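Hello,

Here is the structure we talked about. My notes follow below it.

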Amino acid sequence: MISIDDKAFKWFENEFQSAKPSIRLFPQYAGFGEKNKGYSLAFSLEDPTICCEQQERDGITFYVEFNDKWFFDETDIEIKYNDAIKEIFTVYKEIQ
């Protein structure tokens, strides 16, 4: 499951200013990922091809492509906003 807090959602609205955008969440080979070493969560503005999970909020669709499913398996992901650095961050919680 992917959850996005209210402040993080506002960040997405500001960053991806587009009429009813679709925002893809995907693993990017770079960074210092907590869940999968060497991978971090990335975002892009694009339409779904083969979507395996999606959620819509106030006209914005957040989705994961089927071929990226491995990154999200058995994990709850929370996207939050850090007021101090004015950026979003991700919290990974393994599902037991």
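A term to start with: buried means under 20% relative accessible area, exposed means over 50%, and partly exposed lies in between (1.4 Å probe, protein chains only). This is a predicted model, where local features need pLDDT of at least 70 and side-chain atom pairs count only at pLDDT 80 or more, while totals for chains, interfaces and linings use all residues. Residues are numbered from 1 along each chain as its sequence is written, and side-chain values use heavy atoms, with hydrogens and water left out.

**Strands**

Helices (H or I, at least four residues) and strands (E, at least two) are DSSP runs, numbered from the N terminus. Two strands pair if DSSP finds at least two bridges between them.

An open sheet of 4 strands has the order β3-β2-β5-β4, and its pairing is mixed. Its edge strands are β3 (39-45) and β4 (51-57), each pairing on one side only. β4 runs antiparallel to β5 (residues 60-65), with 6 bridges. Within β4 and β5, Gln55 stands opposite Phe62.

Elsewhere, β1 (residues 2-4) and β6 (residues 75-82) run parallel, joined by 3 bridges. Ser3 faces Glu78 of β6 there, standing opposite it. β6 is also joined to β7 (residues 87-94), antiparallel, by 8 bridges. Lys80 stands opposite Phe89 in β7. These two strands, β6 and β7, form a hairpin with 4 residues between them. Lys86, in the turn, has a positive phi of about 55°.

**Aromatic rings**

Rings of Phe, Tyr and Trp (its six-membered ring) pair if their centres lie within 6.5 Å; planes under 30 degrees apart count as stacked, over 60 as edge-to-face, and the rest as tilted. The structure holds 10 aromatic pairs.

One of them is Tyr29 with Tyr39, edge-to-face, at 5.3 Å centre to centre and 65° between the planes. Tyr29 is in β2 and Tyr39 in β3, so the pair ties together parts 10 residues apart in sequence. Tyr29 is exposed, at 67% relative accessible area. Tyr39 is partly exposed, at 26%.

Phe71 and Tyr92 are edge-to-face too, because their ring centres are 6.0 Å apart and their planes are at 90°. This pair links distant parts of the chain: Phe71 is in helix α2 (residues 69-72) and Tyr92 in β7, 21 residues apart. Phe71 is buried, at 0%. Tyr92 also counts as buried, at 14%.

Ring pairs also link Phe9, Trp11, Phe12, Phe16, Phe43 and Phe62 into a cluster.

Best wishes
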